[in-house]
Amino acid sequence: MKTALITGATSGFGRAIAFRLAKLSGYKLIITGRRSERLDELTQQLQADFSTEVVALCFDVRDNNACKKAFKSIPETFQRIDILINNAGLAAGALPFDQSDLADYDQMIDTNVKGLLYITKLVVPGMIAQQSGLIINLSSIAGIEVYPNGSVYCASKHAVNAITKGLRIDLVKHGIKVSSVSPGMAETEFSVVRYHGDEEKAKAVYSGLTPLNAEDIADTIEFIVTRPAHVSINDIQINPAQQANTYVAHRV
Ligand code: NDP
Ligand code: 8X3
């Protein structure tokens with residue numbers, strides 16, 4: 001039985017990925033997030049629907065001490081981590097650089113870049129010891145192409161791509177595979193978070209098109225984790241059919 005650790009499992013992609021791995025069976029899950037009620041509810045549902053063994057860890061990935069403390073609390077039977085899915089992340093704000101907020105920059109860089117590094121730093125030594133593992137980082141098309149009013153979010157995902165490539169180089173000799181998934185617009189809580197709770201602005205992001213949904217990303221993760229041992233997926237870019245790139249969408 002393999003163990004997968006999924007950060008940001010309380011919503012959107014992370015939650016859908018947890019259900020997908022549970023459905024595939026053969027996985028014990030470590031799920032994380034800051035909202036403890038959601039973690040409790042998800043744990044109960046995974047156990048009831050799939051008899052999945054679950055450990056839920058409630059902490060903020062921006063706090064390295066909290067990451068270390070949570071990691072230390074993992075029961076021995078879950079300590080061999082085979083798959084790490086670095087999914088926790090967000091965009092905060094969508095304004096031109098001169099009007100945007102430093103606090104939003106801190107939140108994006110601390111979560112999307114530093115949080116990912118804190119978690120990866122804790123998981124990699126075990127993977128090196130076992131000479132195997134798979135790390136999947138949730139990047140974005142924003143990591144490939146910069147768009148107006150998104151400079152810092154795009155920078156954070158460009159950093160995720162650089163880290164992904166660097167990890168792949170440094171860890172290949174240890175039998176550790178490193179992948180990324182780079183989605184375009186997907187309707188989750190992402191835009192509500194980006195617009196600081198403004199549901200109307202969030203809805204408008206997807207007007208006139210059919211966005212991706214969390215199941216589409218779970219499909220992509222399923223493809224990556226089910227490849228044979230000799231196959232490593234570097235990156236999968238996935239867009240809604242009506243989105244050509246970060247700033248051209250065909251809305252009807
Ligand atoms: P959601 O807002 O639905 O989910 C984000 C998850 O991240 C939540 O579970 C949240 O948990 C967790 N999270 C956020 N900040 C922290 C933190 N400081 N500490 C711990 N957990 C945190 O968004 P998505 O599912 O859409 O996004 C998941 C990932 O996919 C992100 O990295 C995002 O950048 C990326 N992405 C999203 C796209 C989209 O259009 N939706 C497209 C491309 C990439 P909690 O609040 O409980 O802490
Ligand atoms: C989210 C995709 O294009 O909304 O990472 O920035 S986009």
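Colleague: How far is an oxygen atom of ligand 1 from an N or O atom in the side chain of R34?

Modeller: 2.6 Å, from R34 to an oxygen atom of ligand 1. Keep in mind that this is a predicted model.

Colleague: Noted. How much of ligand 1 does the protein bury?

Modeller: 96% of the 880 Å² that ligand 1 exposes when taken alone.

Colleague: Which elements give two or more residues to the shell around ligand 1?

Modeller: α1, residues 12–24, and α5.

Colleague: How many residues surround ligand 1, and which are the closest?

Modeller: There are 29 around ligand 1. T10, S11, R34, Y153 and T188 are the closest.

Colleague: What distance separates T188 from ligand 1?

Modeller: A side-chain N or O atom of T188 sits 2.6 Å from an oxygen atom of ligand 1. For Y153, a polar side-chain atom lies 2.8 Å from an oxygen atom of ligand 1.

Colleague: And how does the shell around ligand 1 divide into nonpolar, polar and charged?

Modeller: Eleven residues are nonpolar, twelve are polar and six are charged.

Colleague: Switching to ligand 2. Which residues are around it?

Modeller: S140, A142, Y147, Y153 and F190.

Colleague: What does Y153 do at ligand 2, in distance terms?

Modeller: One of the polar side-chain atoms of Y153 is 2.5 Å from an oxygen atom of ligand 2.

Colleague: What are the distances for S140 and Y147?

Modeller: S140 places a polar side-chain atom 2.6 Å from an oxygen atom of ligand 2. For Y147, a side-chain N or O atom is 2.5 Å from an oxygen atom of ligand 2.

Colleague: How much of ligand 2 does the protein cover?

Modeller: 88% of its accessible area, which is 240 Å² for ligand 2 on its own.

Colleague: New topic, the helices. At what angle do the axes of α4 and α5 cross?

Modeller: Roughly 15°, with the axes coming within 9 Å. α4 covers residues 102–130 and α5 covers residues 151–171.

Colleague: Why call α4 and α5 roughly parallel?

Modeller: Because angles under 35 degrees count as roughly parallel, and the α4 and α5 axes cross at roughly 15°.

Colleague: Is the crossing left-handed or right-handed?

Modeller: Right-handed, for α4 passing α5.

Definitions and conventions: Residues numbered from 1 in each chain as written. Chains lettered and ligands numbered in written order. Predicted model: local features only at pLDDT ≥ 70, side-chain atom pairs only at ≥ 80, totals over all residues. Heavy atoms only, no water. Near = heavy atom within 4 Å. Polar contact = N/O pair within 3.5 Å; in protein donor to acceptor, adjacent residues only side chain to side chain. Areas by Shrake-Rupley, 256 points an atom, 1.4 Å probe, with all protein chains shown as cover. Axes fitted to C-alpha atoms, helices over the stretch in contact; angles between N-to-C directions. Helix = DSSP H or I, 4+ residues; strand = E, 2+ residues; numbered from the N terminus. Left-handed = near helix turned anticlockwise from the far one by under 90°. Nonpolar A, V, L, I, M, F, W, Y, C, P; charged D, E, K, R; others polar.
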